[in-house]
Structure formats: C-alpha cells, structure tokens
Amino acid sequence: EMTYDFYLANFNRNSLDNNGILLNSYVNRGGFLYSNNASWDGTNMNYGKRSGTTDGVTAIDVTGHELTHGFTQYTSGLNYSGESGGMNESMSDIMGKSVQFWAKPNDKNWVLSNDMNWAIRDMSNPNAFKQPDCYGGLYWKSNADVHILSGVGNFMFYLLVDGGAGTNDIGNTYNVQGLGLSKADQIIYLTNTTYLVPNSKYADWRTACINAATDLYGANSNEVIQVKNAWYAVGIGTAGGGGNNYCTSNGNSTDHGYIQRVRLSKTSLNNGSGNDNGYGDYTSISGNVSNGTNYILYLRSAFSGQKYATGWSVYIDYNGDKDFNDAGELVGSKSYDATTQIDTIQFSIPSGAMTGATRMR
C-alpha cells in the first residue's frame, strides 16, 4: 500500500504501469519458503522467509525495491546484467528506501532491510558490504553480480540526498550539497521514465540525471550542479561546482616553460605562482570585476632553461554554466616567440554577464 501511495503522491503514477495494474503478492509460495529472498517475477510479488525464523522477507524497503523492478519493467526496461543490471538494482534500492523514508520519516536508515534488523546493503557505505562506491574503484568488476554493481548508483543517490565530502578511490576530491529526498526522487524518477533505455550504462545515467535536473529546475540551477558533483564523487564525469572543479593537467613537466605570474588590471588579482612542477590549483584566488568594464590581463612566462615559444588562451564562464563552451567565453589567445616573456590580453566584461562568482581559466 505504501509503495502504491508513494508513487501516486510523489509522481501522480497509478501503480507500476501508470494504468492501475493490480499488485498481487504471494507469501510462503513453493520454492520461496526460507529462501531469504523476495522477488518480482514480471507479474506478481513473491515473498519467502528468512532461514531459521518465522519472519517473512517483507520489510518496507524490500517491498518498495521489488515493486520498483516492475516500475523499471514498464519504463526504461533496464537489462538485468552488467552495468545496466547494476543500475536496475540501484533504481530499486533507491526507490525502496525512498518509500521507507516517505512512509516512515522517523526511520531514516540507509541500510537495506533495517526495519527487519537484517542488513544486506548500506547505501551510505557500500564498501561495508563489499560493494563499490566508485566506478572503477574498490570492489568494482564490470562482470560482477548486479547486486554488487548497484553500489555506485546507491552511493551517488545517498550523496544527492544528504550531501557529503571526501576523496574517492580514483583521487577525485568531491563536495556535494544534498538536495533532500523529494528533489532527488524527482530527478531519478524522470531518468527512468524518459531518458534511460535497456542497455544504458552508468555514464548514460549521469547524463540522464543532468537532463532530468535541467528539465525540472533549469540548466543553471544548483540542482544540476549537485547532480554533477554527486556523479563526480562516484568517479563518473566532471564536477559541477561547489567542489574541486578545476581542469585536469595535460602535462607534468616545466622543461619548456611555465606560468610565472598572472595579473588583472583594476583588481587585486596578482598571482606569482612560480614553478609548480606542471600544474597548480589557484581556484581560491579571486578578483572583483564589473559588467561593461574593460580590463587588461598581464601574463608572464618563465623557463627552467632554454626559452621556447609560448601560447596562451584565456576563458571566462560568463553565464555560470560551469563550462567554457559558449560564444564569447574565449576572451583572448596569444602566441609569441621565445624572446617574449610577458604579454597582455585586453577584454571587456559583457553587460549581460551573470553576476556572482564564476571562473577564469
């Protein structure tokens, strides 16, 4: 009942198929007795019992999980093997827990089947049950059981709801500001009904979440930023902001030169970086600029030994969409011979540029 009510109240969905399909459940069915399992068989629910107990495997999140397999069957139809199978399982864990949190708001526990006092997975810490919490990280194997591969999507959703910060298994330092359960649910629901297909992979789910968040909250919304941050936290895609979001280095040598100083006229931005062995993160340094005002960017190179020809390209994310792909965001490029060590790029901030913090690269 709570699973039906959850889908109706939150998404205006009339049962699993959105057409009022009956939700039939079988308990103590032959073959399921003491199976430590429950399942959706494509038409009905089947519940076994736990070994050595008289308890049916009917926890509220287990019920929501299995019925969500039916929801997925009638929407994206995610294949039940490999990454798509892991996503199918994760979708069911996500919605199963969401049913529990919605119906029992005082029982917010990310351990699957916690209200049966029987822990089988932990969405807030997949590693505790030897599941990966990062794509390509600890416990990740592309051919692993779908109940193992679901850990990546589970941890992403946990972060999207509650937020969190840290460094993942592949070295990404992340910071996610939680959106809360309702917004996270709406995003995930829309991916299953609109954007995912049977053979979708985790990278496709990230794109689907970005598209869904854009549809629901706008392309420049905090919701889109946090979706990107949550997926970055589990090793997929780039960060969206509010975290470690500077470009990946394409070099690790200063033999042919390096950026020695960057200074922006009419501001306090004047950074002498010196030789930082190929790459430095200076996203904490800022300067205040104004729309419609002209500026000069002074750029100085330096060399460890022999001087080489040098080139610069400078970008500003004027519309704050976390990329530098829009018209006018390449504010200038220069290339010059080895004898020139300092150059300037002159530019004007467009009158329609977004106000607030943004990035120069």
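Let me begin with a term: by contact I mean heavy atoms within 4.5 Å. What we are looking at is a predicted model, in which local features need pLDDT of at least 70 and side-chain atom pairs count only at pLDDT 80 or more, while totals for chains, interfaces and linings use all residues. Residues are numbered from 1 along each chain as its sequence is written, and side-chain values use heavy atoms, with hydrogens and water left out. Helices (H or I, at least four residues) and strands (E, at least two) are DSSP runs, numbered from the N terminus.

I start with the helices. Helix 4, residues 146–162, packs against helix 5, residues 181–195, at an angle of about 140°, and their axes are 8 Å apart; axes here are lines fitted to C-alpha atoms, for helices over the stretch in contact, with angles running from 0 to 180 degrees between N-to-C directions. That angle makes helix 4 oblique to helix 5, given that under 35 degrees counts as roughly parallel, over 145 as roughly antiparallel, 65 to 115 as roughly perpendicular and the rest as oblique. On the helix 4 side, Met156, Phe157, Leu160 and Val161 meet Leu181, Ala184, Asp185 and Ile188 of helix 5. Those residues divide into seven nonpolar, no polar and one charged, where Ala, Val, Leu, Ile, Met, Phe, Trp, Tyr, Cys and Pro count as nonpolar, Asp, Glu, Lys and Arg as charged, and the others, Gly among them, as polar.

Helix 3, residues 82–103, also packs with helix 4, at about 55° and with the axes 7 Å apart, which makes helix 3 oblique to helix 4. The contact includes Gly82, Gly85 and Gly86 of helix 3 and Ser150, Gly153 and Phe157 of helix 4, and its residues divide into four nonpolar, nine polar and three charged.

Four strands form an open, antiparallel sheet in the order 7-6-8-11, where two strands pair if DSSP finds at least two bridges between them. Strand 7 and strand 11 (342–348) each have a single partner strand, so one side of each is left without a neighbour in the sheet. The twist averages 20° from one strand to the next.

Strand 6, residues 258–264, is joined to strand 8, residues 294–302, by six bridges, with Leu264 opposite Leu297. Three bridges join strand 6 to strand 7, residues 270–272, and there Val262 has Asn271 as its bridge partner. These two strands form a hairpin with five residues between them, and Lys266 in the turn has a positive phi of about 65°. Finally, strand 8 pairs with strand 11 over seven bridges, with Tyr298 opposite Thr344.
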